Every structure is written in structure tokens, then in C-alpha cells.
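Hi,

Here is the structure I promised to pass on. Have a look at it first, and then read my notes below.

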Amino acid sequence: MARELYTARLESKVCISKVAQCYHFAFVIDELESFPYAPGQFVSAVAEDAKGKMQTRAYSIASAPNKNIFELCVNRVEEGFFSNHLADLPDLPIGSKIQIHGPHGHFVLHEPVTDSILVCTGTGIAPMRGFTQWLFPEDGPDRSDGKEIWLVYGTRHETDIYYKEEFEALEKRKPNFHYLPTLSRAADSWGGLRGHVQAHVTRIVEERAAQFGLTLPQPAIDPATPAAELNFDIYTYICGLNFMVSGVRELLAEFGWHKKQVVFERYD
Ligand SMILES: Cc1cc2nc3c(=O)[nH]c(=O)nc-3n(C[C@H](O)[C@H](O)[C@H](O)COP(=O)(O)OP(=O)(O)OC[C@H]3O[C@@H](n4cnc5c(N)ncnc54)[C@H](O)[C@@H]3O)c2cc1C
């Protein structure tokens, strides 16, 4: 079945890291009154390359549902077709249009909301921004239900911590939101967390287990338990490149976490 293609008009484009060549985009689908999706889902963007071949790439939606608007966070990949198509201002001035289909994907929050560890690197922050905007809307009731939400964001340098001010402001506004940006190649002047995301996920899991008197690794669940009967009070959501996603999944498996407790999206 042919997928319905929508035309999305570029409404705004902001370079959020010159060094990492990362851009935040807002698009409007004029033909729709609303574009419904679950936070964390992605759109497939379609465009013709220089040889006339149609190219399709997935981009996570970096916002919570809002009328007929969706936002993206895309960084330029060297030699890459689509990321450069989007990032090149002369090719895509304000008012330009792209074709998309979607929403797609299963990288969505479990409901009812539980304590959640959000782990990402680079533009893997995009769906996490969708999650946090939905959980903690500025202009509506809080959907987090008081659950603890940790956002562990890993990158190399301070210049590529995307949306830092936004998440810092959210942390000030919401005591149950914990923002943990960590740098693997921090300058001496950096006063924040250092190292890879795994170290900080370990600390969160261990401290929470100690707080609730739980043993680690947690006791295994009978593999015969039907999926519908599985009930967890914490999930981890991971998004980014495969080597990081695999690393965090392995770490959680060592803590005895059930594989259904770990939801992930890989960009490569
Ligand atoms: C579900 C999903 C959601 C995604 N969401 C986002 C998003 O929100 N923001 C975003 O920027 N990207 C996202 N991506 C990645 C995106 O789909 C493209 O792969 C990326 O923009 C590169 O496409 P390109 O056409 O520029 O490069 P291509 O022409 O496809 O590739 C050029 C070269 O870059 C390498 N490459 C491909 N992808 C990457 C990558 N992600 N990082 C580093 N090297 C790469 C290739 O191996 C190749 O050598 C997502 C991918 C998936 C599967």
C-alpha cells in the first residue's frame, strides 16, 4: 500500500551547534489541521538526489504533538545526502518544502508513566525532547505523575550539548526531572559530569536499588511469564548510535533488567 506523503513547509531553522553542525527545524504540514503522533516516533523524509533517485531517511520528531507542527534535530553527516540536504541553507531556505510520511516507530513511553532513565548521545536527544515536552508541558497538566525521570546525555564537548538551557530550565521547574549531561572529552574548565553515559546509568540504578532495598542483579523473571503480565516500575529508553545503545543494553542486562524494560532506537 502506498504511504501517504505529506508536504512539510519549513517554518524555522536554527543552528544549535556550529561545531557539530547541528540544526533544529520546525515544519508545518499545511494540508493537515493536526499531525498526531506519540512522542518518540519518527518521520520518514523523502527527497530526490542529484541522480534523480528518491532517497528516504528517518528522523525522530524532536517535539511533543502540537497542532500540525513537528520539529527535528539533525546534524550534518559528512558526505551524507539527506542531512546535508536539510542542513544546507541555500538548498532549503525558510518556506521550502520537504515530503514526509509517518509517523512511524515504537520508541514510545510506556503508560502509565513509570520512573524512567532516558539515555542518549548526539541527535538521539531528539525523541527525548519529545518525551520531556509531553511529560512536563509548559502550558498544561504535568503527565509525569511524580515519577523520577533522569535524562543522561552523552557527548564529547560542551559545544555539542544540544538544548542545554531548555533542559536546565526544566530541571529547575520540575524536582522529579534530573538532567545529567556528561562529556567524554571535557575541557579542564568543565565543572559537570565526565565520562560515558554508562557510568551515570550505573550510578542511578545502584542508588535507586539501595534506596528501595533491592538486590542487584535483580532476580530473573520466569521466561514463561506472558508479556501482558510483565509489570515494571522503571524503564530505560536509549537512543543514538548502535555502539552506545548496545553498551547500555549490556550493562542493564548485567543488572538483571528484563529486555522488555529497555526500549531503544538505533540510528545506524
Ligand atoms: C529511527 C531513526 C531515527 C533517526 N533520527 C535522526 C535524528 O533525529 N537526527 C539525525 O540527525 N539523524 C537521525 N537518524 C539518522 C538519519 O536517518 C540518517 O541516517 C542521517 O541523517 C544520515 O543520512 P545522510 O543521507 O546524510 O547520510 P547517508 O548518505 O545515508 O550516509 C553517508 C555516510 O554517513 C554514514 N552515516 C549514516 N548515518 C549516520 C549517522 N546517523 N551518524 C554518522 N554516520 C552516519 C553512512 O555510513 C555513510 O558512510 C535516524 C535514523 C533512524 C533509523
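Which residues does Ala-87 touch, not counting residues up to four places away in sequence? Keep that one in mind while you get your bearings; I'll come back to it. One caution before the rest: this is a predicted model.

**The antiparallel sheet**

Let's start with an open sheet of 6 strands, paired antiparallel in the order S4-S3-S6-S1-S2-S5. The edges are taken by strand S4 (54–60) and strand S5 (69–75); each has a single partner strand, so one side of each is left without a neighbour in the sheet. Direction ignored, neighbouring strands here are turned by 40° against each other on average.

Val-14 sits opposite His-24 in S2, and Ser-17 has Cys-22 in S2 as its bridge partner. S1 and S2 make a hairpin with 4 residues between them, and in the turn Gln-21 has a positive phi of about 55°. S1 also pairs with strand S6 (residues 97–104), again in the antiparallel sense, over 4 bridges. There, Tyr-6 has Ile-100 in S6 as its bridge partner.

**Back to Ala-87**

Now for the residue I asked about. Ala-87 is found in helix H1, and leaving out residues up to four places away in sequence, it touches Lys-13, Tyr-23, Phe-25 and Arg-76. Is Ala-87 buried or exposed? Its relative accessible area is 3%, and the cut-off for buried is under 20%, so Ala-87 counts as buried. Ala-87 and Gln-21, the residue from the hairpin turn, are 66 residues apart in sequence and 7.9 Å apart in space, C-alpha to C-alpha.

**The parallel sheet**

There is also an open sheet of 6 strands with parallel pairing, in the order S10-S9-S8-S7-S11-S12. Here S10 and S12 stand at the edges with a single partner strand each, so one side of each has no neighbour in the sheet. Strand S9 (residues 177–183) pairs with S10 in the parallel sense over 2 bridges, and Thr-182 stands opposite Leu-193 in S10.

H2 lies across strand S7 (115–121), S8, S9 and strand S11 (234–240), and runs at about 150° to S7. H4 packs on the sheet too, touching S7, S8, S9, S10 and S11, with its direction at about 160° to that of S8.

**Leu-193, for contrast**

Leu-193 is found in strand S10 (residues 193–194). Apart from neighbours within four places in sequence, Leu-193 is in contact with Leu-180, Pro-181, Thr-182, Leu-183, His-200 and Arg-203. Leu-193 is partly exposed, because its relative accessible area of 26% falls between the 20% and 50% cut-offs. Leu-193 and Gly-105 are 88 residues apart in sequence, and their C-alpha atoms are 32 Å apart in space.

**Pockets**

How much space lies in the largest pocket? About 1,100 Å³. It is lined by 41 residues, and those nearest its centre are Asn-75, Thr-121, Gly-122, Thr-123 and Leu-241. Elements giving two or more residues to that lining include S4, S5, helix H1 (81–87) and helix H4 (197–212). The largest share, 4 residues, comes from S4. By class, the lining divides into 17 nonpolar, 17 polar and 7 charged residues.

The second largest pocket holds about 550 Å³ of space. Its lining has 22 residues, with Gln-133, Phe-136, Pro-137, Glu-138 and Asp-139 closest to the centre. S5, H2 and helix H3 (164–173) each give two or more residues to it, and H3 gives the most, with 5 residues. This lining has 10 nonpolar, 5 polar and 7 charged residues.

That's what I have so far. Enjoy exploring!

Cheers

Technical notes. Residues numbered from 1 in each chain as written. Predicted model: local features only at pLDDT ≥ 70, side-chain atom pairs only at ≥ 80, totals over all residues. Heavy atoms only, no water. Buried < 20%, exposed > 50% of the residue type's maximum accessible area, 1.4 Å probe, protein only. Contact = heavy atoms within 4.5 Å. Pairing = 2+ DSSP bridges. Axes fitted to C-alpha atoms, helices over the stretch in contact; angles between N-to-C directions. 1 Å grid on protein atoms, 1.4 Å probe; cavity = no way out; pocket = protein on both sides within 12 Å on 5 of 7 lines; lining within 4 Å. Points joined across faces, edges and corners; volume = space filled by probe spheres on them. Nonpolar A, V, L, I, M, F, W, Y, C, P; charged D, E, K, R; others polar.
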